[in-house]
Amino acid sequence: MREKVCLECRKPLNGRRDKKFCDEGCRNTYHNRINSEKPLSVRSVNTILSKNRKIISQIMYMKGELEITEQKLSGMGFNFEYFTGLSNENNKIYHHCYEFAYVSENKGIYKVYQLPILEES
Ligand SMILES: [Zn+2]
């Protein structure tokens, strides 16, 4: 029979057979993570994306910077998990955010670009 392990930290469990976690801490961590992985509503995703777009446009137009560190982006509230599209050029993955794109150039450094405006057909 397989040894039962904690669902959170994977340490072997002893004691009651119906136990799933070694303690309350692991139980809370597990449930918080599962809840935070629930899909966000359309409104929340839109909010995140428009915030990302605002941050990129601030960097490009107000500061005139085309390179930015991941740390600085995060500090401004940039959310790397959401983007509007992906493209692959010269073996680099470009993450799109509306009319902008960003690419990881070196570790922890992103370059930002403005994409050609798509013609509405
Ligand atoms: Zn545990």
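Biologist: How many helices and strands are there in the chain, and in what order do the elements run from the N terminus on?

Modeller: Elements are read from DSSP runs, a helix being H or I over at least four residues and a strand being E over at least two, numbered from the N terminus. In this predicted model the chain has three helices and five strands, and their order from the N terminus is α-α-β-α-β-β-β-β. Residues are numbered from 1 along each chain as its sequence is written. Local features in this predicted model need pLDDT of at least 70 and side-chain atom pairs count only at pLDDT 80 or more, while totals for chains, interfaces and linings use all residues.

Biologist: What is the mean pLDDT of the chain, and which elements have the lowest and the highest mean pLDDT?

Modeller: The term pLDDT is the predictor's confidence in each residue, from 0 to 100. The chain has a mean of 87, with 91% of its residues at 70 or more; among the elements, helix 1 has the lowest mean, 87, and strand 3 (residues 92-97) the highest, 94.

Biologist: Is helix 1 buried or in the open?

Modeller: A residue is buried if 20 or more other C-beta atoms, placed from the backbone, lie within 10 Å of its own, exposed if 12 or fewer, and partly exposed in between. Of the 13 residues of helix 1 the number buried is zero, so the helix lies largely in the open. Helix 1 (residues 24-36) reaches 18 Å from its first C-alpha to its last, close to the 18 Å expected, where the expected span is 1.5 Å times one less than the number of residues. Over the whole chain, buried residues make up 10% of the 121.

Biologist: How do strand 2 and strand 3 run where bridges join them?

Modeller: Two strands pair if DSSP finds at least two bridges between them. Strand 2 and strand 3 run antiparallel and are joined by five bridges, with leucine 86 opposite histidine 95 in strand 3. Strand 2 (residues 85-89) is hardly covered, the count of buried residues among its five residues being zero.

Biologist: Which residue in the hairpin of strand 2 and strand 3 takes a positive phi?

Modeller: With two residues between the strands, the hairpin has asparagine 90 at a positive phi near 50 degrees, and asparagine 91, likewise in the loop between strand 2 and strand 3, has a positive phi near 60 degrees. Asparagine 90 is exposed, with 6 other C-beta atoms within 10 Å, and asparagine 91 is exposed with 5.

Biologist: With which residues is threonine 69 in contact, leaving aside neighbours within four places in sequence?

Modeller: Two residues are in contact if their C-beta atoms, placed from the backbone, lie within 7 Å. Threonine 69, in strand 1 (residues 67-69), is in contact with Gly108 and Ile109, and counts as exposed with 12 C-beta neighbours inside 10 Å.
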